[in-house]
Amino acid sequence: MPEYTSAVLIELLDGCLQKNRRSQELLYKQFYGYAMSICLRYTRSREEAKEILNDGFFKVFTKLDTFDSSRSFKTWLSRIMINTALDHYRQEIRRDVFDDVEVADNVAIDETVISKLAHEELMELIQKLTPAYRVVFSLSVIDGYTHEEIADQLNISVGASKSNLSRAREKLREMLSKINIGDYDRVTR
Amino acid sequence: MTELPDDELDKLFRKSSEELDPQFDPEDWNSLSKRLDANDGKVAGGWLKKWWPLALMALLIPIALTIHYTSKSPEPEALPIKREVAGRDLRTGRDVRSGMEKKSNAKEEDKSNVVENNVKDIITDNRVRKTLPRSQSKAGGVYLEPNRSKGEGGDGAFSINNIAKSKSAKSVMANNAVNEDSAEQEISEDQARLLISATALASRTLNWENQPEIPMVTFTPPAVSEAPKPEKAEVDYAKWAVRLGYSPDLSTVGFKNYTKPGTAFSLLVEYGLSSRLYLQAGVVRSVKDYTANAGEYKLPKYVTDINTPYDVDGSCTMFEIPVGLRYNVVRNEQSKWFVGTGVSSYYAQKERYDYNYKDYIHGQKPYWQGKTGWFLLSHINASVGYERTITKKLSLVAEPYIRIPVKGVGYGKVNLTTVGMWISLRYTPAFK
């Protein structure tokens, strides 16, 4: 991506290193959408995502001196956001009990409906997953982590990681099958 | 209606996630901005909370200086007069001595002329024209003349009636009068009683034949270069002093990875070994925030067996016992420049070390918290300072300092260097 190698970004990062509040605000706005989309898929609500987003950006601004400017800022940022989300998840699993939902077999989905679903609605489906399914699905499918890496990060076995991914997919299929045209119209009206 | 395969499902959500662009909410930034302000100490309350001692000093210093300079009363007029009298005495003493030396070699007339001239000098000099009341006759070491009335076999030089009637006494009164009316007034008996003036001697010839033998007094006037030092220098040397100080505490390992400064408060007692050399000891409480690279922090094996952090953020509350010497290099009445050196022992009261990892490994240790106690003679101290007198007992001290590690302190045995600047109030008790 040309944006993180641009002179504008370098100038912004320099300003952030000097703790210039205006530069920090501009950097925040510039990467708000990108970072928020990461946070949303690891949380169950926008409020929760906002909390992780600001925790992540706080780390960015206070630890910016550790950023290697020869590398991609966007990758560094996404890593911080994911790690912050995982910290949040680890705290959460101490409180929550996973509800191992029963998944219906052979769920049929109307593809014409899916094609019309908004990105926000698909994100809401991910958010409706249990924390364990949501995190494994996001790490594996969207952020490209291997099952070994996921197992390490979440302190679970590789088998559990694969199982959670499989069940997350089934759960998403089930939710997609329940969406009909009427629901779509209601949501997007 | 078909079943969606895994790869299609993944692709759907991946694409959706990549193309999702949540709208910016200014409230989110406001929330983070406030948090950053608090972290940077930009919030007014936060700034005051951290730097209130400096703010207090900034408030007190101008007030103290204003009080000091406005309350400085002018020196009493009597003092220069006293000095003049003393000077005159010295001069007279020198002249008398020369007259005495002449006594053995020169004629009697010469002697009386010398004394007469000296007396006339005293009379005509405006600065010593004031008459000396009998009640203060011994003040300033002036010798009270014995009663030389005629009734006592004297020449009547100090007879009250004579003085009251004498023209010279009137002329003295006229010279001292502030207006013409008072100059014309007759001298009352009471005034005359108080007027014991050398003017009475002006018209008289000294009778050297009838003089009692006066023992020879050798007077050696002090050389100008040996003039007594101002009393201030002597008074300034106080045996005991107490200092209450504040300093920002900038701690570092290897002079890199500086973090925001901590705070330090000190209570020091000073004992004067001489006017320039003081022994210092006391207690300092400080909060030291610093970052150490993994190599500079002795990581326990149970930590590195799982994962090795790339650096460690330390935050320690320490008590320090400094013992040292202070030497006043430059001493003026109002200020001093000094250097100091000594050793410090530390007591680690509360420690927390956060381990920062590049990659997460399950089971890694996030931090260590506890206290490790005493580290005796772990640092060498050096400082330079400036002291400014505010009042006789109170002065203000600015003293940049450095604590150089001799051995490691804390759980990670880090070689912690601390720099800062004491802003202290120094109080000298009444006893010396």
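**Note on the interface of chains A and B and the strands of chain B**

1. Chain B and chain A bury about 4000 Å² between them, with 58% of it on carbon and sulfur atoms; buried area is the accessible area (1.4 Å probe) that two parts lose on being put together, summed over both. The model is predicted: local features need pLDDT of at least 70, side-chain atom pairs count only at pLDDT 80 or more, and totals for chains, interfaces and linings use all residues. Residues are numbered from 1 along each chain as its sequence is written, chains are lettered from A in the order in which they are written, and side-chain values use heavy atoms, with hydrogens and water left out.

2. On chain B, 38 residues are in contact (heavy atoms within 4.5 Å) with 47 residues of chain A.

3. Seven salt bridges are counted between chain B and chain A, each a side-chain nitrogen of Lys or Arg within 4 Å of a carboxyl oxygen of Asp or Glu. One of them joins R169(A) to D6(B), whose closest N and O atoms are 3.5 Å apart. On the side of chain B that touches chain A, the elements giving two or more residues are helix 1 (6–19) and helix 2 (26–40) of chain B. That side comprises 14 nonpolar, nine polar and 15 charged residues, Gly being counted as polar.

4. Within chain B, strand 2 (residues 262–272) and strand 3 (residues 277–293) pair in the antiparallel sense over nine bridges; pairing requires at least two DSSP bridges. The two strands form a hairpin with four residues between them, and L267(B) stands opposite V283(B).

5. Strand 3 of chain B also runs antiparallel to strand 4 (residues 311–331) of chain B, joined by 15 bridges. Here N293(B) stands opposite D311(B).
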